Amino acid sequence: MPIQMIWGNDLNAYNKFLQQLIDTKVSKAWKEINVTHLNGDDESQIYRAMEEILTPPLGDGSRVVILKNNPMFSSKNEELRFKFEKIYQNIPKSNYFILHSTNKPDSRLSNTKFIKKLIKKNLVNEKSFSLPDIWDYEGQKEYLEEAANEMNIKIEKDAA
């Protein structure tokens, strides 16, 4: 799916996912041109991301536009929502728009409600990379076991 809504505080898992996406979808020869990292803390970069995502990739492969600290999940900005509503249907199928935030999207915002509607229509993919809370013993245990499995390390049940 061209639009990826990603949130969570596990930046290591997020970076792995992002690198794997870039390695598999973007041509190595065109990587410097077809991968754009922008920061949502700067309003001009938000609008630049929305413009760049409409540009088809140069050469082979796909284009990836990453907007870190995406404000559409955490602040009310109707102008951003209207701009996003105008462009989302025109994003080329070969492009990937990564909307990233470390915080969980605020479900009360109209921006988030609109994106949730797109998720239900399978037009947006949502991924969460969240570390377990410090008091969540079972969640921490599962996280440790999954990390060990990914690295092909066998641990005993009591070791966690």
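This is a predicted model: local features need pLDDT of at least 70, side-chain atom pairs count only at pLDDT 80 or more; totals for chains, interfaces and linings use all residues.
Helix H4 spans residues 78–87, and its buried residues are Leu80, Arg81, Phe84 and Ile87. Viewed down the axis of H4, these buried residues fall within an arc of 135°, and they therefore line one face of the helix. The face of H4 turned away from this buried side carries the exposed residues Glu79 and Lys86.

A patch of positive charge is found on the surface, where Lys113, Lys117, Lys120 and Lys121 gather. Of these residues, Lys121 is located in the loop between helix H5 (110–120) and strand E5 (124–128). Lys121 counts as exposed because its relative accessibility, 57%, is over the 50% cut-off.

The loop between H5 and E5 also contains Asn122. Although Asn122 is not a glycine, its phi is positive, at about 60°. The relative accessible area of Asn122 is 54%, and the residue is therefore classed as exposed.

A positive phi is also found at Asn152, a residue other than glycine, with a value near 60°. Asn152 belongs to the segment after helix H6 (137–150). With a relative accessibility of 71%, Asn152 counts as exposed.

Conventions:
Residues are numbered from 1 along each chain as its sequence is written. Side-chain values use heavy atoms; hydrogens and water are left out. Patches are made of residues with over 30% relative accessible area and no salt bridge: like charges are joined within 9 Å, nonpolar side chains (Val, Leu, Ile, Met, Phe, Trp, Tyr) within 5 Å. Accessible areas come from the Shrake-Rupley method with a 1.4 Å probe; for residues, only the protein chains shown count as cover. A salt bridge is a side-chain nitrogen of Lys or Arg within 4 Å of a carboxyl oxygen of Asp or Glu. Lys and Arg count as positive and Asp and Glu as negative; His and the chain ends are not counted. The place of a charge is taken as NZ of Lys, CZ of Arg, CG of Asp or CD of Glu. Helices (H or I, at least four residues) and strands (E, at least two) are DSSP runs, numbered from the N terminus. Buried means under 20% relative accessible area, exposed over 50%, partly exposed in between (1.4 Å probe, protein chains only). The arc is that of the directions from the helix axis to the C-beta atoms.
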